[in-house]
Every structure is written in structure tokens, then in C-alpha cells.
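This briefing covers a domain pair, a ligand site and a helix pair. Please look at the sequence and the model first.

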Amino acid sequence: MKYEIVYISTSGCTKKVAQALAEAVSPQPCRLINFEMETPSDDADVYLVGFCVRHGACPYALLEWMETLEDKKVMLFATGGLAAVDGYQKRIEAVAASFLSDSCEYLGMHLCQGEISPEGYTHFRSCLSDSGDEGALQNIRQLYAYSQGHPNTQELQDACNFMKNALKQH
Ligand SMILES: Cc1cc2nc3c(=O)[nH]c(=O)nc-3n(C[C@H](O)[C@H](O)[C@H](O)COP(=O)(O)O)c2cc1C
């Protein structure tokens with residue numbers, strides 16, 4: 001079984017998960033592809049596709065590439081600042097997985113808490129600034145503080161366990 005991990009990571013959180021998955025797959029053959037710098041191959045059997053959530057979604061360029069996959073096993077993984085929000089993964093997964101062709105076998109998605117960067121914090125604040133909702137701003141401040149240091153060792157392990165179980169079941 002040949003593996004390929006294809007990811008987008010702007011500030012490094014998703015890259016950490018991608019690297020942990022690559023180690024977990026070892027010693028099986030596995031390529032690690034930073035989608036913004038390299039072109040994925042089309043000859044792997046299993047694609048682990050990772051992204052940082054941006055504006056509530058998977059970056060569109062990655063979705064467009066996912067759409068071209070045929071007859072592959074595909075698992076999604078992601079990191080997001082809002083990962084702890086109830087039902088958040090389902091919403092992102094529903095859109096991302098819909099880009100996969102019916103010929104692919106979908107193994108599921110794992111979302112980890114990511115660290116919110118200062119840029120991300122500014123983004124969330126600007127989304128709320130017009131609302132004047134002090135409670136929501138306070139929640140974002142708390143989430144920003146909570147998110148620092150994520151994904152942590154346990155979360156990386158959880159992502160690897162999710163992948164191993166998903167592969168066992170398919
Ligand atoms: C401009 C911008 C928009 C973002 N939008 C979202 C979002 O909609 N939902 C979310 O959960 N996180 C969002 N984030 C936070 C990132 O997804 C999170 O920090 C992620 O772990 C970063 O991954 P990376 O380090 O691999 O780039 C946003 C961050 C930035 C900078």
C-alpha cells in the first residue's frame with residue numbers, strides 16, 4: 001500500500017499533524033507533499049489530505065485537486081481555531097467530502113484544535129467588530145488564549161489513532 005499525505009498549512013499546525021501521520025505510517029512507503037510547493041502524484045493507494053480551516057472551509061485549490069482523485073482511499077484531516085465548537089467538523093466535512101468522486105473510498109475526517117495565530121485572531125475579531133457583541137468577543141479572546149500550543153502531543157496521537165482505525169475498517 002502506497003501512502004501520500006497532501007496538506008496545506010499556513011502557520012505550521014496542520015504540517016505537525018501531517019508529519020505525525022507520516023511517522024505513524026512508517027515503514028510503509030509514504031510521500032509528504034506540501035500542496036503549495038509541490039504537485040501531488042496520482043499513483044498512491046491512500047491519500048491523507050490535510051488543511052487549515054480558512055473562512056469556515058477547506059482551501060478551494062485543495063478541493064479542486066481532490067475532485068480529480070479516482071479510485072483512491074481518502075482520509076481528511078484538518079486543524080482549526082474553532083475545532084472545539086459543537087458540530088463544527090460536520091459542517092466542514094460535509095462540503096469537503098462532497099468534492100470526492102464516487103469512485104473514491106472515503107475513510108472519514110479528523111479535526112484537531114489548531115493554534116490561532118495573531119492574524120487569525122485579528123480575522124475573528126474583525127468578523128465580530130460590527131456586531132458589538134461583547135460576549136462573542138470575549139469568547140474569541142478566551143479561544144485565542146486556549147488555542148496556544150495546539151495541536152498538542154495527545155492530539156497528534158489522537159489523529160494517528162483515528163487514521164489507523166479508519167484504515168483497519170476499510
Ligand atoms: C484569515 C484566517 C481565517 C481563519 N478562519 C478560520 C475558520 O473559519 N475556522 C477555524 O476553525 N479556524 C480558522 N482560522 C484559524 C486556523 O484555521 C487555525 O489557526 C489553523 O490551526 C491554522 O493551521 P496552520 O498552522 O496549518 O495554517 C483562520 C485563520 C486565519 C489566519
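Two residues are in contact if their C-beta atoms, placed from the backbone, lie within 7 Å. Helices (H or I, at least four residues) and strands (E, at least two) are DSSP runs, numbered from the N terminus. The model is predicted: local features need pLDDT of at least 70 and side-chain atom pairs count only at pLDDT 80 or more, while totals for chains, interfaces and linings use all residues. Residue numbers start from 1 along each chain as its sequence is written.

**Helix pair**
- Y121, F124, R125 and L128 of α4 meet A136, L137, I140 and Y144 of α5.
- The angle between α4 and α5 (residues 134-147) is about 170°, and their axes are 10 Å apart; axes are lines fitted to C-alpha atoms, for helices over the stretch in contact, and angles run from 0 to 180 degrees between N-to-C directions.
- α4 is therefore roughly antiparallel to α5 (angles over 145 degrees count as such).

**Domains**
- An automatic or database domain assignment gives domain 1 (3-115 + 151-169) and domain 2 (116-149).
- Their centres, taken over C-alpha atoms, are 25 Å apart.
- Domain 1 gives six residues to the contact and domain 2 gives seven residues.

**Ligand shell**
- Of the 24 residues around the ligand, T14, C52, G80, G114 and G120 come nearest (a residue is near a molecule if its C-beta atom, placed from the backbone, lies within 6 Å of it).
- α1 (13-25), β4 (73-80) and α4 (118-128) are the elements that give two or more residues to this shell.
- Domain 1 and domain 2 both contribute to the shell, so the ligand lies between them.

How values were computed
Parallel < 35°, antiparallel > 145°, perpendicular 65-115°, else oblique.
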